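Hi everyone, thanks for making time today.

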Amino acid sequence: METHLTQEESETRRVLGRVKWFDPVKGFGFVISDEGGPDILLHANVLRNFGQSSVADAARIEVSVQSTERGIQATEVFRIEPPEAPAGVPLADFEEIDPEIIRSAPLEPARVKWFDKAKGFGFANVFGRDQDVFIHIEVLRRSGLADLQPGEALAIRVIQGKRGQMATEVCAWETAVEH
């Protein structure tokens with residue numbers, strides 16, 4: 001059976017908005033447009049094409065959208081900005097560390113070993129390092145991500161914390177390579 005898109009269904013436009021919620025297990029979520037209107041479906045495949053397997057709730061997002069029989073859907077992600085962190089609230093693990101050390105840590109290639117969203121943390125392996133790197137869910141959220149999958153390629157900033165190697169920033173490998 002051949003289907004033909006109407007002109008309206010084939011036209012796309014760019015929209016700025018905020019992630020309402022995204023569930024990597026279900027494989028989709030929704031975006032609320034700054035312009036208002038119905039929620040925009042964000043499918044996991046569209047997010048993966050951008051290089052991420054998840055996105056944090058309340059993250060700012062710029063997407064291309066298209067009207068379909070089932071409603072408005074995102075067709076491409078152009079930009080994601082992490083949700084705003086509460087002003088002046090550092091993570092307890094980083095309170096006693098010089099902010100310049102945190103800022104100056106280089107982005108390093110890594111792979112997710114495991115991450116448990118319910119527990120609020122996980123670990124990654126940085127290429128060339130023996131020690132696992134701890135990733136706290138709040139660092140993930142402040143980096144614009146909501147969850148990580150085992151084997152996922154990342155770029156992370158790592159510092160030596162009280163409890164060992166800790167990630168201070170996490171980004172999708174594809175996003176880091178483009179910059």
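Helices (H or I, at least four residues) and strands (E, at least two) are DSSP runs, numbered from the N terminus.

First, some housekeeping. This is a predicted model, where local features need pLDDT of at least 70, side-chain atom pairs count only at pLDDT 80 or more, and totals for chains, interfaces and linings use all residues. Residues are numbered from 1 along each chain as its sequence is written, and side-chain values use heavy atoms, with hydrogens and water left out.

So how confident is the predictor? pLDDT is its confidence in each residue, from 0 to 100. The protein chain averages 85, and 87% of the residues score at least 70. Helix H1 (residues 7–10) has the lowest confidence, with a mean of 52, while strand S3 (residues 40–43) has the highest, at 96. Over residues 1–8 the pLDDT is below 50, and this stretch has four contacts (heavy atoms within 4.5 Å) beyond near neighbours in sequence. Where pLDDT is low, the predicted coordinates should not be read in detail.

Now the overall layout. The protein chain has five helices and 10 strands. Of its 179 residues, 44% count as buried, where buried means under 20% relative accessible area, exposed over 50% and partly exposed in between (1.4 Å probe, protein chains only).

On to the cores. A nonpolar core here is a set of buried Ala, Val, Leu, Ile, Met, Phe, Trp, Tyr and Cys residues joined through side-chain atoms within 4.5 Å. The largest has 23 residues, and among those touching the most other members are Phe-94, Ile-135 and Leu-154. Strand S9 gives this core its largest share, four residues. Phe-94 touches, among others, Ile-102, Val-139 and Met-166, not counting residues up to four places away in sequence. A second, separate core of 19 residues includes Phe-22 and Leu-47.

Back to Glu-108, then: buried or exposed? Glu-108 is buried, with a relative accessible area of 14%. Beyond its neighbours within four places in sequence, its contacts include Arg-129, Leu-154 and Val-158.

Gln-165, in strand S10, also counts as buried, at 12% relative accessibility. Leaving aside neighbours within four places in sequence, Gln-165 is in contact with residues including Arg-129, Asp-132 and Val-158.

Methods. pLDDT = per-residue confidence, 0-100.
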